[in-house]
Amino acid sequence: MSRIGKSPVSIPEGVTVDYKDGIVTVKGKLGELKQEITDIDVKIEDNEISFERSSDKSDQKAKHGLYRALVNNMIEGVTNGFTKQLELVGVGYRASNQGNKLDLAVGYSHNIVIDLAPEIKVETVSEKGKNPVVKLTSHDKQLVGQVAAKIRSFRKPEPYKGKGIKFVGEQLRRKAGKSA
């Protein structure tokens, strides 16, 4: 049995969870999220959600822990939210935002302008002497990760000088340059 799937998910105060027709709906102070669940039985009782599977098929074993983790992330997202921070490392690299439009200057001939989903709040921090930081916040963990990965893909960090867009706290594998 899946170790993750076995443990129940507790529902904190202020969060409502509904399960109808194979769809779990989680509502909280930060928003509402939905997830379709197949092949796994969901039971909601006493402020806890438990997940059970009907057989030991490999696809059901995989889904058992997956759906438990997804629902746990949904509950955590509508109560606390998720944040990803990206750091722009490089001379002349800049970031600014107007509402939900993010404007990146990362060494190309034109700036990259991205329209972000309305569920994501973006904030840019530019301090003198420090690298610009883009802060993404939302209640949907998958959406924040996907948008952060998309922004990082515009200029991935290179291994020699470390220039590019990287996550805050990310350790880069550095290479030695040419030896004389």
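**Entry 1: Q60 and its surroundings**

I looked up the side chain of Q60 and found a polar contact of 3.4 Å with the side chain of S54. I note that the model is predicted. I placed Q60 in helix α2, which covers residues 58–79.

**Entry 2: Salt bridges**

D56 counts as exposed at 59% relative accessibility, whereas R53 counts as buried at 14%.

I next examined K43 and E52, whose salt bridge has its closest N and O atoms 2.8 Å apart. K43 is partly exposed, with a relative accessible area of 35%. E52 is also partly exposed, at 36%.

I then turned to K166 and E87, a salt bridge in which the closest N and O atoms are 3.6 Å apart. K166 belongs to strand β13 (residues 164–167) and E87 to strand β7 (residues 82–89), so this pair ties together parts that are 79 residues apart in sequence. I noted K166 as buried at 14% relative accessibility and E87 as buried with a relative accessible area of 18%.

**Entry 3: Aromatic rings**

I searched the whole structure for aromatic pairs and found zero. I did find charges over rings. Which residue lies over the face of Y108? I identified R155, at 4.3 Å from the ring centre. I also recorded K84 over the face of F167, at 5.4 Å from the ring centre.

**Entry 4: Domain record**

I consulted UniProt, where an unreviewed entry places the feature "domain: Large ribosomal subunit protein uL6 alpha-beta" at residues 11–81 and 89–166. For residues 11–81, I noted 31% helix and 38% strand, with the end C-alpha atoms 15 Å apart. For residues 89–166, I noted 17% helix and 37% strand, with the end C-alpha atoms 8 Å apart.

Notes:
Residues are numbered from 1 along each chain as its sequence is written. This is a predicted model: local features need pLDDT of at least 70, side-chain atom pairs count only at pLDDT 80 or more; totals for chains, interfaces and linings use all residues. Side-chain values use heavy atoms; hydrogens and water are left out. Helices (H or I, at least four residues) and strands (E, at least two) are DSSP runs, numbered from the N terminus. A polar contact is a pair of N or O atoms within 3.5 Å; within protein, one must be able to donate a hydrogen and the other to accept it, and residues adjacent in sequence count only if both atoms are side-chain atoms. UniProt positions are given in the numbering used here, feature names are shortened, and annotations may be inferred rather than shown by experiment. Rings of Phe, Tyr and Trp (its six-membered ring) pair if their centres lie within 6.5 Å; planes under 30 degrees apart count as stacked, over 60 as edge-to-face and the rest as tilted. A charge sits over a ring if NZ of Lys or CZ of Arg is within 6 Å of the ring centre and within 35 degrees of the ring normal. A salt bridge is a side-chain nitrogen of Lys or Arg within 4 Å of a carboxyl oxygen of Asp or Glu. Buried means under 20% relative accessible area, exposed over 50%, partly exposed in between (1.4 Å probe, protein chains only).
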